[in-house]
Amino acid sequence: MTDNTHAIGLTWYIPKNRRRHSTKDVEPNLTALQVSKRIAAVLRFSHKPLKESDGNPWTDYWVIVPALDVNPDKVWQEIKTVTATVGGLLRAELLRIQPGMDMYYPHGGAKNEPAWHVVEYVVSKPETRSDYYKDQYEFSQPVIRHFWEDNAVERMLGFESERLLEDKGSLPQWDVIHITGFKPSRLIEIVWHLLRFLPAFNGYARKIGYESAIEVLHSWGKKRTKFLVIARQDHAHAVWHPPRGHDQ
């Protein structure tokens, strides 16, 4: 597995009063991996605690992006022992990028890096998973690319969880992660973009058998559950040069 279609996802629970110090032991290791060009970036997102009724809360999600042709399993082995000493890591998973949903950075580059993100942890139902994924590839991908290419949003990542690397807590068994970066000052622009391109979005919906884009969205209520939250990004280790094949 030596391509640029995978990443590692880390789920953490970090109480607010320990946030500044809880991951400091990981920093030198991540820096070394970046300096040696084994990882391209670490995207770190923190948000209010999320929790299922009888599960563990979680507050942070990190996406570690291996450099081109670096095996993500080897990257995980290098950071695994360090994360074990920190505490708070609940899950590590191997992620596979969804087709076409690798819009890592805005066209203006890292200088326009967004601080705020919408993060969706999605649990799709096994019996409708193939249909839901088809909707993702043939509807969501071209729709969100409209927003990204028009600079209405600064980032859009879609990942599928391929397999667990470690699982210490009782967390929802999500299989899809969506991360959308935006600037609050552009919210009006996002709404305008939606209205402007609605006929095109309806066209994508009709291609996969729906009457409209709204009908696609309504159908997802029967195909998945999701945990949606506004997250803030810590920009340490986020400045990078995307691997070849990623949009810039």
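Student: What is the relative accessibility of Asn-151?

Tutor: Asn-151 lies in the loop between α4 (129-149) and β6; helices (H or I, at least four residues) and strands (E, at least two) are DSSP runs, numbered from the N terminus. Buried means under 20% relative accessible area, exposed over 50% and partly exposed in between, with a 1.4 Å probe and protein chains only. Asn-151 counts as partly exposed because its relative accessibility is 29%.

Student: What pLDDT do side-chain atom pairs need in order to count?

Tutor: pLDDT is the predictor's confidence in each residue, from 0 to 100. Residues are numbered from 1 along each chain as its sequence is written, and side-chain values use heavy atoms, with hydrogens and water left out. This is a predicted model, in which totals for chains, interfaces and linings use all residues, local features need pLDDT of at least 70, and side-chain atom pairs count only at pLDDT 80 or more.

Student: Where in the protein is confidence highest?

Tutor: The protein averages a pLDDT of 87, and 90% of the residues score at least 70. Over residues 241-248 pLDDT stays under 50. Among the helices and strands, the lowest mean is 69, in helix α1 (residues 19-22), while the highest, at 97, belongs to β5.

Student: How many strands make up the closed barrel?

Tutor: The protein has seven helices and eight strands, and two strands pair if DSSP finds at least two bridges between them. The order around the barrel is β1-β3-β2-β8-β5-β7-β6-β4, with antiparallel pairing. From one strand to the next the twist averages 30 degrees. The number of strands in the closed barrel is eight.

Student: How many bridges join β5 to β7?

Tutor: Strand β5 (residues 116-124) runs antiparallel to strand β8 (residues 224-234) and is joined to it by nine bridges; there Val-119 stands opposite Val-229 and Glu-120 opposite Leu-228. Toward strand β7 (residues 176-182), Glu-120 stands opposite His-178. The pairing of β5 with β7 is also antiparallel, and its bridges number seven.

Student: What angle does the direction of helix α3 make with that of β1?

Tutor: Axes are lines fitted to C-alpha atoms, for helices over the stretch in contact, and angles run from 0 to 180 degrees between N-to-C directions. Contact means heavy atoms within 4.5 Å. Helix α3 (residues 72-86) packs on the sheet and touches β1 (6-12), β2, β3, β4 (89-103) and β6 (155-167). Its direction and that of β1 make an angle of about 15 degrees.

Student: Which residues does Leu-89 touch, not counting those up to four places away in sequence?

Tutor: Leu-89 is in strand β4 and is buried, with a relative accessible area of 4%. Beyond four places in sequence, Leu-89 touches Leu-10, Thr-11, Trp-12, Trp-76, Thr-83, Glu-166 and Lys-168.

Student: How are α5 and α6 oriented to each other?

Tutor: Helix α5 (residues 187-196) and helix α6 (residues 198-207) pack at about 60 degrees, with their axes 5 Å apart. Angles under 35 degrees count as roughly parallel, over 145 as roughly antiparallel, 65 to 115 as roughly perpendicular and the rest as oblique. The orientation of α5 to α6 is therefore oblique.

Student: Which residues is Phe-201 in contact with, leaving aside neighbours within four places in sequence?

Tutor: Phe-201 is in helix α6 and counts as buried, at 2% relative accessibility. Ser-140 is 61 residues away in sequence, with 9.2 Å between the C-alpha atoms of Phe-201 and Ser-140. The contacts of Phe-201 are with Phe-139, Val-143, His-146, Phe-147, His-193, Leu-194 and Ala-213.
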